[in-house]
Amino acid sequence: MPDENISEKRMKRKTSPQQAALTDRTTIKVRFSEIDSMQIVWHGEYVRYFEDGREAFGKRYGLDYMSIYREGYVVPIVDLSFGEEAIVETRYIHSDAAKILFEYTIYRASDQNIVATGTTTQVFLNTNRELELVNPAFYIEWKKKWNII
């Protein structure tokens with residue numbers, strides 16, 4: 001249930017992607033410490049991968065954290081500090097495919113400003129770790145229960 005304090009205007013976001021002015025691609029190797037009991041990367045590690053990407057971008061284009069610091073600046077990712085409250089809005093995005101899609105927006109509770117956004121895609125694997133291409137029966141029933149289909 002969305003927080004009543006968030007105005008409808010703030011909850012809508014533009015979906016048109018911006019054109020990238022510069023791009024860097026970096027390869028990472030998944031480490032054992034990053035996987036869960038299903039031997040898949042634990043979802044919390046993706047934020048670390050974003051950081052790896054930002055560091056590689058900075059090194060390539062001369063916009064790394066230490067260069068910025070030497071110029072007298074720091075560049076925090078968001079302006080959210082210890083003790084502050086945040087509101088996490090999770091939106092289920094319907095897909096006919098056998099997958100679960102979510103979009104997330106994190107708001108600073110004090111002023112309702114957006115501090116972060118993200119998306120996740122989850123697929124269904126059977127107990128043999130084989131990809132299911134058809135929606136499982138329980139998932140279809142769940143969608144019906146919530147009038148999604």
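This is a predicted model: local features need pLDDT of at least 70, side-chain atom pairs count only at pLDDT 80 or more; totals for chains, interfaces and linings use all residues.

**Entry 1: a salt bridge across the chain**

I began with Glu84, which forms a salt bridge with Arg108, the closest N and O atoms being 3.6 Å apart. My cut-off for a salt bridge is a side-chain nitrogen of Lys or Arg within 4 Å of a carboxyl oxygen of Asp or Glu. This pair links distant parts of the chain: Glu84 sits in the loop between helix H3 (65–70) and strand E1 (86–93), Arg108 in strand E2 (residues 99–108), and 24 residues separate them. Helices (H or I, at least four residues) and strands (E, at least two) are DSSP runs in my notes, numbered from the N terminus.

I checked the cover on both partners. Glu84 is partly exposed, with a relative accessible area of 34%, whereas Arg108 counts as buried at 9%. For the record, buried means under 20% relative accessible area, exposed over 50%, and partly exposed in between (1.4 Å probe, protein chains only). I also noted that Glu84, Arg108 and Asp111 are linked in a network of salt bridges.

**Entry 2: what I am working from**

Residues are numbered from 1 along each chain as its sequence is written, and side-chain values use heavy atoms, with hydrogens and water left out.

**Entry 3: other salt bridges**

How many salt bridges does a search of the whole structure find? I got nine. As a reminder, side chains of opposite charge can pair when their charged atoms come close.

I wrote down two more of them. Arg48 forms one with Glu45, with 3.0 Å between the closest N and O atoms. Arg48 and Glu45 are three residues apart in helix H2 (residues 45–61), so about one helical turn separates them. Arg48 is partly exposed at 48% relative accessible area, but Glu45 counts as buried at 8%.

The other joins the side chains of Glu34 and Arg31 (2.4 Å, N to O). Is Glu34 buried or exposed? Glu34 counts as buried, at 2% relative accessibility. Arg31 is partly exposed, at 41%.

**Entry 4: the whole chain**

I stepped back for the layout. The chain has four helices and three strands, and along the sequence they follow the pattern α-α-α-β-β-β-α. Of its 149 residues, 16% count as buried. The chain exposes about 12400 Å², and carbon and sulfur atoms supply 56% of that; the areas come from the Shrake-Rupley method with a 1.4 Å probe, and for residues only the protein chains shown count as cover.

Then I looked at contacts, meaning heavy atoms within 4.5 Å. Among those between residues at least 6 apart in sequence, 39% join residues at least 24 apart.

**Entry 5: the largest pocket**

I ran the pocket search on a 1 Å grid over the protein atoms alone: a pocket is an open set of points where a 1.4 Å probe fits, with protein on both sides within 12 Å along at least five of seven lines, and lining residues have an atom within 4 Å of a point. About 1200 Å³ of space lies in the largest pocket. Of its 31 lining residues, the closest to the centre are His43, Gly44, Tyr46, Thr119 and Thr120.

Which elements supply the lining? H2, E2 and strand E3 (114–123) each give at least two residues, and the largest share, nine residues, comes from E3. The lining divides into 19 nonpolar, nine polar and three charged residues. I count Ala, Val, Leu, Ile, Met, Phe, Trp, Tyr, Cys and Pro as nonpolar, Asp, Glu, Lys and Arg as charged, and the others, Gly among them, as polar.

**Entry 6: Phe57**

Phe57 is in helix H2 and is partly exposed, with a relative accessible area of 23%. Leaving aside neighbours within four places in sequence, I find Phe57 in contact with Leu22, Thr23 and Asp24. Phe57 and Leu22 are 35 residues apart along the chain, and 8.9 Å separates their C-alpha atoms.

**Entry 7: positive phi**

I flagged two residues here. Gln39 is not a glycine, yet its phi is near 65°. Gln39 lies in the loop between helix H1 (8–11) and H2 and is exposed, at 60% relative accessible area.

Arg129 has a positive phi of about 65° although it is not a glycine either. Its place is in the loop between E3 and helix H4 (137–145), and Arg129 counts as partly exposed at 44% relative accessibility.

Definitions and conventions
Grid points are joined across faces, edges and corners, and a volume is the space filled by probe spheres set on the points.
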